[in-house]
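Hi everyone, thanks for coming.

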Amino acid sequence: MSFVFYILAALTVAGGLAAMLLKNTVHCALALTVAFAGLALLFLNLDAQFAGFAQILVYIGAVAILVVFAILLTRGSETPRDGVFSRTWLAGLLIAAGVFAVLGWAVIGSVRVLPHETAVPTVTVLQIGNALVSRYVLPLEIVAVLLTAAMIGAVIVAMHEKEGQK
Amino acid sequence: MTPLASYLLVAALLFSIGLAGALTRRNAILVLIGIELMLNAANLNLIAFWRYGPHPELLTGMMFAIFSIAVAAAEAAVGLGLVIQIHRHAKTTDLDAMNRMKG
Amino acid sequence: MISGMDQVFVLLRLWLVSFLPAAWQPVIGALLSVVAIVCLFPALFALTTVFERKGLARIQNRLGPNRVGPFGLLQPIADGIKSLTKEDIVPLSADAAVHFLAPVLLVVAVFMGFAVLPMGRNMILVDMDAGLLFYFAMSASTELAVFMAGWSSRNKYSLLGAMRAVAQMISYEVPLLLSSVVVVMMTGSLSLTKIVAAQSGFTRGLPHWFIFTPWGFAGFVMYAIATTAETNRSPFDLPEGESELVAGYHTEYSGFKFALFFLGEYLAMFSISGLGATLFLGGWSAPFSFLTWIPSWIWFFSKLMLSIFVFIWMRGTLPRLRQDQLMNFAWKFVLPLCLLNLMVAGLWRFMGDGWLRWVICSVILIGAYTALGWGEMRRGKIGPRSYRYAE
């Protein structure tokens, strides 16, 4: 494996860890964007240019901003007095460790059957576009409906209650 | 270690970190962040399988990841809208304090 | 004749690189282009600050900077020395790491955008297949830098300015993307070189620029509005509104970091004007067929400077909007028109040649513009300001 991969993997995992461990919620959100950026670079390293740029545009440009907005609107940047972890943190940690153990065991156990290095696939944006409107046209339409529904739903959920009662 | 296996291990690690965070943090927004991390780890898996799989020209894994990115954006918007509404109602985002079903 | 002056920078790079071993040539060649971009645009920024101050001064009936050098042309050097030697103050309660990272991230993200802009024939750093997507991904990252700056300063004005800026940039990013998608629909490519190539022909001496079509003109107007808001320029400069928020998210920045913010804002203006020229004004192609002998990069940079001039002109002319007017305008006026423009572009594509599509597309767009504007005016959402004077 290349040197670039190790750097990117370390960056991504460090960003993820920091996002889950830091005390200040805004710092967590900023660490999350580091993890997102690392993932986008990993996508680019996997020759998935379009997905990598879409990842940056959607996650860093929209989701991260939404998260920091929500944090500031809920006064979440003030660190709570009684710790940032839940009362049942030990159980959660054990479950996560168990999941990682199972996943890691499955991956390591199947190393021999996994495919090796293959030729770099060349994918143009034109191919992606053609695939979107031919083979994947139904999912595309469903995603469009889902996004519309989610937008309307999010607006209604976040609207002021008082205005509805008047 | 094949390249695919190392990508899968990184994705598994990221997924577990996200899961651990979602299960242990008190703040509802951080739980959502954990869920986002888990979704992203799944995307990494999809792209890695697309790259090293038998038929990359069919674009299956990549399309799956692109659709998953779109769906995750919708999920984040609705989730954060819910958190804001809960905060307005209960004046807190601490999940341990939300132990009543009655408003 | 064309290839000599036109390709002068490309040939210069080739000549410089030819002294090196073959293995190094691609890397050093790319590095040279990066150095050229990194030097050229800050120099242009320095020049633009003088022009802006001079131009604003003329509009406001004053003289503007005229002390340093001939006609005050050396003013940016004096400004630069001043900002470099000033003390770099970090507020005591500020988040030092984030406070430091914000301007750096902003400038880096803005510089990345230049990588995909074709600045002349064969003058592009990376000819990416998904160039436009890359550009928008990079410009979306600047929002986070603005938020980081405002939040880490621990100042209420900064935070307010940052929240305003981010809300405004998010809102106007939607029309920005949608008005550019029209061009992608017509050319069928996200690559900026292909978009320029699609506009480089001439009929009867007139260019095939997209601005000279109904959908292209509507798209360009909405693109211009969205870019003004996206770069936080007047009349959309609420995030830094000096009279209400001191200076918005860079209130707590001083010295070199403030200079970086200033630089980042102007660079964003250059790159987004360059993108607008590429998408709608034919990029580096000449406006008339008998002018094609002038080098392509001259055309690109004159289009860029022309849009900068319009930015300055607007800043000197239009008063600042109110926050609710800004948001209403984005979501209730520009966004519906953008969506309609997408449909008009589709119609144009499938109606074939002839004068009929000109009439139908123009009528739809003008009709929608008038109806929407009239409706909003009547409900008092958008319209002339009303003033209440003290009795």
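A few ground rules to start. Residues are numbered from 1 along each chain as its sequence is written, while chains are lettered from A and ligands numbered from 1 in the order in which they are written. This is a predicted model, and local features need pLDDT of at least 70, side-chain atom pairs count only at pLDDT 80 or more, and totals for chains, interfaces and linings use all residues.

Let's begin with chain A. Its secondary structure comes to 7 helices and 0 strands. Of the 166 residues in chain A, 36% are buried. Buried means that 20 or more other C-beta atoms lie within 10 Å of the residue's own; exposed means 12 or fewer, partly exposed is in between, and the C-beta atoms are placed from the backbone.

Chain A is also divided into domain 1 (1-79) and domain 2 (122-159), with bounds that come from an automatic or database domain assignment. The C-alpha centres of these two domains of chain A lie 23 Å apart.

Now chain B, which has 3 helices and 0 strands. Buried residues make up 59% of its 103 residues. What is the radius of gyration of chain B? For chain B it is 17 Å, whereas a compact globule of 103 residues would have one near 13 Å. That radius is taken over C-alpha atoms, and the globule rule is 2.2 Å times the number of residues to the power 0.38. Along its principal axes, the C-alpha trace of chain B spans about 55 × 25 × 15 Å.

On to the contacts between chains. Two residues are in contact if their C-beta atoms, placed from the backbone, lie within 7 Å. Which chains share the most contacts? Of the 2 pairs of chains in contact, it is chains A and B. Here 71 residues of chain A are in contact with 66 residues of chain B. On the chain A side, H3(A) gives the most, with 11 residues. By class, that side of chain A has 55 nonpolar, 13 polar and 3 charged residues. For these classes, Ala, Val, Leu, Ile, Met, Phe, Trp, Tyr, Cys and Pro count as nonpolar, Asp, Glu, Lys and Arg as charged, and the others, Gly among them, as polar.

Let's zoom in on one helix pair there. The axes of H3(A) and helix H2 (residues 28-52) of chain B come within 12 Å and cross at roughly 175°. Axes are lines fitted to C-alpha atoms, for helices over the stretch in contact, and angles run from 0 to 180 degrees between N-to-C directions. H3(A) and H2(B) are therefore roughly antiparallel to each other. The cut-offs are under 35 degrees for roughly parallel, over 145 for roughly antiparallel, 65 to 115 for roughly perpendicular, and oblique for the rest. Among the residues that meet are A:Val63 and A:Val67 in H3(A), and B:Ile33 and B:Glu36 in H2(B). The residues of this contact divide into 8 nonpolar, no polar and 1 charged.

What about chain C? Its contact with chain A takes 15 residues from chain A and 17 residues from chain C. Chain B and chain C do not touch, and their nearest C-alpha atoms are 14 Å apart.

Within chain C, the axes of helix H6 (residues 131-152) and helix H7 (residues 156-187) come within 8 Å and cross at roughly 170°. That makes H6(C) roughly antiparallel to H7(C).

Last, the loop residues. Most residues other than glycine have a negative phi. A:Asp47 has a positive phi, near 65°, and its place is in the loop between H2 and H3 of chain A. C:Asn61 also has a positive phi, near 60°, and is found in the loop between helix H3 (25-59) and helix H4 (75-85) of chain C.

Is C:Asn61 buried or exposed? C:Asn61 is exposed, with 6 other C-beta atoms within 10 Å. A:Asp47 is partly exposed, with 17.

Technical notes: Helices (H or I, at least four residues) and strands (E, at least two) are DSSP runs, numbered from the N terminus.
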